[in-house]
Amino acid sequence: MRLSALAGATGMTFVGGSVAVSAFLADAPSLTVQSLRYAVACLLLLLYVFLYARGRVLRPRGTEWLWLGGVVLTGMVVFNVALVQGSRHAEPAVLGVAVACVPLLLAVAGPLLEGRAPAAHLVVAALVVTVGAALVQGLGRTDGIGLLWALVTFACEAGFTLLAVPVLGRHGPLGVSVHATWMAAVAFGAGGLFWEGPRAILRLHLDDVLAGAYLAVLVTAVAFVLWYTCVQRLGSARTGLLTGIAPVSAAVVGVALGGPVPGLAVWVGVAVVAAGLALGFRSEPAVPAPAPGPAAEQSILR
């Protein structure tokens, strides 16, 4: 359990760091950057498959296309749109708190999707982590439209994990990540060509490229596989608790990049998140998500 939890925690640490890094992309053609990000991540994952992984990437079949498409549509495309549109009506903290509520949904819906009853102590742990993450994020101002986009952000963040559960058994973390990234690259690429034009890539500056490289390598290629490895081995309910690490990581990276030192409420929030994680990861046998299929060995941590 410890190694799997470390995988998920590391992935969330990278995701939290992306909050500060993404600020460098404020003036960049966002759709084009996202397309390049996912394309590069997919190439890196395929390179790993060919050089190191023992298994091969399986072709989706039947309803697997729908599950994978749902992961891309909710967890990548609509999620990014919701962040951009929501930021025009709500302060970042509002969207951050919406994401911080995801552990509660995963603690209840995750086990049901996996064919199990929710565990009471994981639901309580999720509530504790949510409160702690909200303290770290703080509360911001918003209007009605901002709240609506915050709800969309919440649902999409949960969809990124829950919609992958039915296909993790056959495709494994690496296979799911490969298919999700190439599909996202195509979706954002089409949008970029239509709204930003084929010459948008020429408007990228060095800061844009460096920020995009961080997102492609650590937040996508590495974090996706680490996260789905944790979901497969520990189940979505327990893994969902680790989303509380993202706002903590964002606060730390913000300070490292020259931001202000967090106030007392943030440090209290960090302690509450830690308490929730300790409760959720107390020593007991973990029930994995789906039964591993032939591609389940395709994990970086095998």
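This is a predicted model: local features need pLDDT of at least 70, side-chain atom pairs count only at pLDDT 80 or more; totals for chains, interfaces and linings use all residues.
Are Arg170 and Glu64 buried or exposed? Both of them are buried, where buried means under 20% relative accessible area, exposed means over 50%, and partly exposed lies in between, computed with a 1.4 Å probe on protein chains only.

Residues are numbered from 1 along each chain as its sequence is written, and side-chain values use heavy atoms, with hydrogens and water left out.

The structure holds two salt bridges, a salt bridge being a side-chain nitrogen of Lys or Arg within 4 Å of a carboxyl oxygen of Asp or Glu. One of them joins the side chains of Arg170 and Glu64, at 2.8 Å from N to O. Arg170 lies in helix H8 (residues 165–195) and Glu64 in helix H3 (residues 64–86), so the pair ties together parts that are 106 residues apart in sequence; helices here are DSSP runs of H or I with at least four residues, numbered from the N terminus.

Staying with Arg170, its relative accessibility is 18%, which is why Arg170 counts as buried. The side chain of Arg170 also reaches the backbone oxygen of Arg59, at 3.2 Å.

Turning to the other pair, Arg116 forms a salt bridge with Glu114, and their closest N and O atoms are 2.4 Å apart. Here Glu114 is buried, with a relative accessible area of 14%, whereas Arg116 is partly exposed, with a relative accessible area of 26%.

Terms used:
Helices (H or I, at least four residues) and strands (E, at least two) are DSSP runs, numbered from the N terminus. A polar contact is a pair of N or O atoms within 3.5 Å; within protein, one must be able to donate a hydrogen and the other to accept it, and residues adjacent in sequence count only if both atoms are side-chain atoms.
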